[in-house]
Amino acid sequence: MKKNEELQDYIRRLKTHLKPLPPSEQQEIVHEIESHLLEGVKHGKPLDALLTSLGSPSELAKGYIGDYYLSQSPARPSVWLKKMVFFTTAGMTSPVATVFLGGTSAAFALAAALVMIAGLLRLFGAAVLFNIGTYEVPRLLSPLVAIVFSFLLGKTALYFHGKLQAHFQAMHRRYRRLFPSSSQTASTHAHGE
């Protein structure tokens, strides 16, 4: 395969793997990689060596996709879901870690909300069982106890959420090592690392 055809084939396969990203992001990445490769060839580096240093188009795309998802606000449910799906499929242990950490975080957050609701319902006379072990919490103290337990459950949810974010960062670093050195520097400055 001729050098130009080899370069175009690599770029074509990279574009295919970048489909989860918005078109503007895809174009920027493709332009960056194409420029990196053409500049390297211009300075006498063999194209094969440059392509090898970038890794497969699939692996390189995963690095960029991870970078994009980590830079997005997690407050939007659609971004959070895409991030969870991406990092769940990013490696061998990732499905277990992502599902466990994400599920545990969500379960503790839900429990915190339910305890708070139960405490308020009990205050207003609802027949809600509100015990600590064998001790039944007095109805008037239910909101106070609910606040304390909701706080503790919420802190636990945040702990597991933090571990999930750390897992995402670790998975991302694995793919990011493939970025061309000029893009690592630019990306580091852009994200303030």
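**Exercise 1. Determine how Glu59 and Lys62 are placed relative to each other in helix α4, and state whether their side chains pair.**

Step 1. Glu59 and Lys62 are three residues apart in helix α4 (residues 57-71), which means that about one helical turn separates them. Helices here are DSSP runs of H or I with at least four residues, strands are runs of E with at least two, and both are numbered from the N terminus.

Step 2. The model is predicted, so local features need pLDDT of at least 70 and side-chain atom pairs count only at pLDDT 80 or more, whereas totals for chains, interfaces and linings use all residues. Residues are numbered from 1 along each chain as its sequence is written, and side-chain values use heavy atoms, with hydrogens and water left out.

Step 3. A salt bridge requires a side-chain nitrogen of Lys or Arg within 4 Å of a carboxyl oxygen of Asp or Glu. Glu59 and Lys62 form one, with their closest N and O atoms 3.9 Å apart.

Step 4. Glu59 is partly exposed at 28% relative accessibility, and Lys62 is partly exposed at 22%. The classes are buried (under 20% relative accessible area), exposed (over 50%) and partly exposed (in between), with a 1.4 Å probe and protein chains only.

**Exercise 2. Locate the partners of the salt bridge between Glu136 and Arg122, and classify their accessibility.**

Step 1. The closest N and O atoms of Glu136 and Arg122 are 2.8 Å apart.

Step 2. Glu136 belongs to strand β2 (residues 135-136) and Arg122 to helix α6 (residues 94-123), so this pair ties together parts that are 14 residues apart in sequence.

Step 3. Glu136 has a relative accessible area of 49% and is partly exposed, whereas Arg122, at 8%, is buried.

**Exercise 3. Describe the salt bridges that involve Asp9.**

Step 1. Asp9 and Arg13 meet through their side chains in a salt bridge of 3.3 Å, N to O.

Step 2. Both residues lie in helix α1 (residues 3-17), four residues apart, about one turn of the helix.

Step 3. Asp9 has a relative accessible area of 22%, and Arg13 has a relative accessibility of 35%; Asp9 is partly exposed, as is Arg13.

Step 4. A network of salt bridges links Asp9, Arg12 and Arg13. The count of salt bridges comes to four.
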